[in-house]
Amino acid sequence: MQTNLADFIRDTPEGREAEEILRKCVHCGFCTATCPTYQLLGDELDGPRGRIYLIKQVLEGQPATEKTRLHLDRCLTCRSCESTCPSGVQYGRLADIGRHVVEQQVPRTGVDRLTRAALREFVPRGKLFGAALGVGRLLRPLLPRALADKVAPAEAAGPWPAPRHARRMIALSGCVQPAMRPAINAATARVLDRLGISLLEEARAGCCGAVRFHLHDQHGGRDDARRNIDAWWPAVAGGEVEAIVVTASGCGVQVRDYGHLLKDDPAYAVKAARIAAISRDVAEVVAAEADTLKALLAGGTGPRRRIAFHAPCSLQHGLKIRGTVEGLLTAAGFELTPVRDAHLCCGSAGTYSLLQPELSGRLRDDKLAALQDGGAQCIVSANVGCIEHLAAGARLPIRHWIELIDEKVTQTA
Ligand code: SF4
Ligand code: SF4
């Protein structure tokens, strides 16, 4: 695609990156067919090709309007279009650049502005979020249904094994996950312990930065990344840990991007690239130890449970991990049920479910029907956001897949 970027952005790092991405797009429109919002709304401007045009126009100097912002707001940033694109167009990166410019040209007002500010300040603060969730649980019977559905019941994490192995990794604890689903990281620690790896958490680390970054506070998102790097760096630089393990694939995508996000920061560029390079989704860590896991689970008995796996967009399109979790679950003795349109987003998409409730709700209904129609007894996923979003409307239990592996491994102890 021929471009002629406006003076305000042409010679900036963002301008150069956007130009390179735009040039790759050949307008073929293949991406449109796999875009969830195009499928729902049928408007070219609510598909990737139309959004790329909108961003191009703005970067070429045409003023953005509220309509431009609306079509970009409706995008889930699911990156299904990237998986489909034959030309390797990095839509997600272009969307980050375009949204930032549009946000400055068309400032938000009223409730929209307040809602986003509240989410930016509240969600990444894990302790504050946990305290509010505790109050919400007490008041749940009095809350309106839409709000009550978002208040997850309390769960016990179970024991976290004391460090005993030479091989060590650090888990990202994140912001909302410790309060909503503390069992996920604890289950990961138990499984890895049986695989010969001790998992640690670093209390000074927190939100991966995705919440603020994608709510148009890119500076704040980068600060979250710097804080995490500072927290992990002594153990990484000292060779005490070999990887940063992430159990929420949405956060995993952000951590994997630290090198890119901080490439122009002389104090952090090298550290950020190193942290990104050693970040691993828990599926990658367990898959690397598949033989040990298989030996542990050999001879297991009991009926095969039927499981439906929801592959988060951040796992399949962002981290490009496809088939790994399914392979681990099958090897552990679970039967995976077929799930149609598995490439499509469930509508969670970070804070999208709160900011675009109508579209998000329609995507959730479609996804739940696809997951529940195959006769599964349980649904599993790989991202806390998807798990909570789906759980609010599901008739089946929804868990992280590592919890099922943990149950199997624990039975063999
Ligand atoms: S990121 Fe997802 S919602 Fe956005 S344009 Fe691409 S496919 Fe559509
Ligand atoms: S599939 Fe790729 S090249 Fe084709 S229109 Fe979409 S982004 Fe552009």
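This is a predicted model: local features need pLDDT of at least 70, side-chain atom pairs count only at pLDDT 80 or more; totals for chains, interfaces and linings use all residues.
Residues are numbered from 1 along each chain as its sequence is written, and chains are lettered from A and ligands numbered from 1 in the order in which they are written.

Student: Let's start with the sheet: in what order do its four strands stand?
Tutor: Strands here are DSSP runs of E with at least two residues, helices are runs of H or I with at least four, and both are numbered from the N terminus. Two strands pair if DSSP finds at least two bridges between them. The sheet is open and its pairing is parallel, with the strands in the order 2-1-3-4.

Student: Which strands stand at the edges, and why is one side of each left without a neighbour?
Tutor: Follow the order 2-1-3-4 and look at its two ends. Each edge strand has a single partner strand, so one side of it is left without a neighbour in the sheet; these are strand 2 (198-201) and strand 4 (279-281).

Student: Which strands does helix 12 lie across?
Tutor: Residues are in contact if their C-beta atoms, placed from the backbone, lie within 7 Å. Angles run from 0 to 180 degrees between N-to-C directions, with axes fitted to C-alpha atoms (for helices, over the stretch in contact). Helix 12 (residues 183-194) runs at about 150 degrees to strand 2, and it lies across strand 1, strand 2 and strand 3 (244-246).

Student: What angle does helix 15 make with strand 4?
Tutor: Helix 15 (residues 249-256) packs on the sheet and touches strand 3 and strand 4. Its direction and that of strand 4 make an angle of about 160 degrees.

Student: Now the helices: how far apart are the axes of helix 4 and helix 7?
Tutor: P48, I52, I55, V58 and L59 in helix 4 meet Y91, L94, G98, V101 and V102 in helix 7. By class, that contact has nine nonpolar residues, one polar and no charged ones. (Ala, Val, Leu, Ile, Met, Phe, Trp, Tyr, Cys and Pro count as nonpolar, Asp, Glu, Lys and Arg as charged, and the others, Gly among them, as polar.) Helix 4 packs on helix 7 (residues 91-105) at about 45 degrees, and their axes lie apart by 10 Å.

Student: At what angle do helix 5 and helix 7 cross?
Tutor: T68, R69 and L72 in helix 5 meet A95, G98, R99 and V102 in helix 7. These residues divide into three nonpolar, two polar and two charged. The axes of helix 5 (residues 66-73) and helix 7 come within 10 Å and cross at roughly 145 degrees.

Student: What about the crossing angle of helix 4 and helix 5?
Tutor: Here G50, R51, L54 and V58 in helix 4 meet T68, H71 and L72 in helix 5. The contact holds three nonpolar, three polar and one charged residue. The axes come within 10 Å, and the angle is roughly 140 degrees.

Student: Which residues are closest to ligand 1?
Tutor: A residue is near a molecule if its C-beta atom, placed from the backbone, lies within 6 Å of it. Helix 3 (36-41), helix 4 (48-59) and helix 6 (80-84) each supply at least two residues of the shell, which has eight nonpolar, three polar and two charged residues. Of the 13 residues around ligand 1, the closest are C35, P48, C75, C78 and C81.

Student: Which helix gives the largest share of the shell around ligand 2?
Tutor: Ligand 2 is surrounded by 15 residues, the closest being C25, C28, C31, C85 and V89. The shell has 10 nonpolar, four polar and one charged residues. Helix 4 and helix 6 each supply at least two of its residues, and the largest share, three residues, comes from helix 4.

Key:
Two residues are in contact if their C-beta atoms, placed from the backbone, lie within 7 Å.
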